[in-house]
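Colleague: Could you walk me through a model, one step at a time? I am new to reading structures.

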Amino acid sequence: MIDTHVHIWDLDKAEYNWLKGDTSLLNRTFAIEELEEERIAAGVTAGVLVQAAGNFEDTELMLETARSTPWITGVVGWLPLQDPEATQKALEAYGKDPYFKGVRHQIHDEADPRWLLQDKVVESLQVVAAHNLPYDVVGILPVHLETVLQLMPKVPGLRMVLDHLNQPPIASGERFGKWGELIAEAARHPQLHAKISGLGTTSGNFTGWTPADLEPYIAFALEHFGEDRCFCGGDWPVSLLAGRYTQIWKAYQSILQKLLSREGLQKVLQKNAVTFYGL
């Protein structure tokens, strides 16, 4: 089982703007060693570290951690996408690192929800596509998904995955509204994939959510993207806001076992991640 969405951060080694003023349990350093016991209990055998800050220090921390952590098989790092020349230069360096497997930017923290459509960013994403690297989209609003739909024709060779299913409306109980319309439209594009992750916190019910709360939205994603374009992530340590690491993985497993064949389960829990990230 591959966890395609693991975070670490070190407040002494990189700057995490989104944590400034945060009063939750997340506002401290999280090292990969803290996850070991829960990872084993959950049955996770491999993992991908995912960008948590818009700077090279965060990416270097992840690459350094991957080199010293046998079960980490890839890193989704940050690039200065507003500067195509700097992006190209960075990729020439990272392209030599066997752990650098993808790119992400925290677009949900940008004031402009259509940040991805800037000419310079589009040009940089074309560079990313030329290096055959995928891009993780971390959106939380319908406009983020609308932006992705507008972006695709501009960068036709870029493979993308929607982190956390682009925040389905679990908290409101809506089924499936604007989110559903956009997910159905997005799924018609083969370069787009769906990451089943972060749904415990998305539920908004940090202490009382159940697998039944998440199942309709996971089923909807699988119905539209199919079993060949979905894979899973635990979103540790952000997931700790809504329970233990093992809790979210048991939920995903119990839901997917109901919805998929044995072969489909193997794809969503393992094979698709290997293919998408080149693990």
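Here are some questions and answers about this predicted model.

Colleague: Is Ile8 buried or exposed?
Modeller: Let's start with where Ile8 is: in the loop between strand E1 (2–6) and helix H1 (36–42). A residue counts as buried when its relative accessible area is under 20%. Ile8 has a relative accessible area of 3%, so Ile8 is buried.

Colleague: Which residues is Thr246 in contact with, leaving aside neighbours within four places in sequence?
Modeller: Thr246 sits in helix H9 (residues 245–259). At 9% relative accessibility, Thr246 is buried, because that value is under 20%. Beyond its neighbours within four places, the contacts of Thr246 are Glu38, Ala41 and Ala42.

Colleague: Which helix gives the largest share of the lining of the largest cavity?
Modeller: The structure has 1 cavity of 30 Å³ or more, and the largest cavity holds about 40 Å³ of space. Its lining includes Leu199, Gly200 and Thr201. The largest share, 3 residues, comes from helix H7 (residues 199–202).

Colleague: How many charged residues are in the lining of the largest cavity?
Modeller: Arg244 is among the lining residues, and Arg counts as charged. Sorted by class, the lining has 4 nonpolar and 6 polar residues, and the number of charged residues is 1.

Technical notes:
Residues numbered from 1 in each chain as written. Predicted model: local features only at pLDDT ≥ 70, side-chain atom pairs only at ≥ 80, totals over all residues. Heavy atoms only, no water. 1 Å grid on protein atoms, 1.4 Å probe; cavity = no way out; pocket = protein on both sides within 12 Å on 5 of 7 lines; lining within 4 Å. Points joined across faces, edges and corners; volume = space filled by probe spheres on them. Helix = DSSP H or I, 4+ residues; strand = E, 2+ residues; numbered from the N terminus. Buried < 20%, exposed > 50% of the residue type's maximum accessible area, 1.4 Å probe, protein only. Contact = heavy atoms within 4.5 Å.
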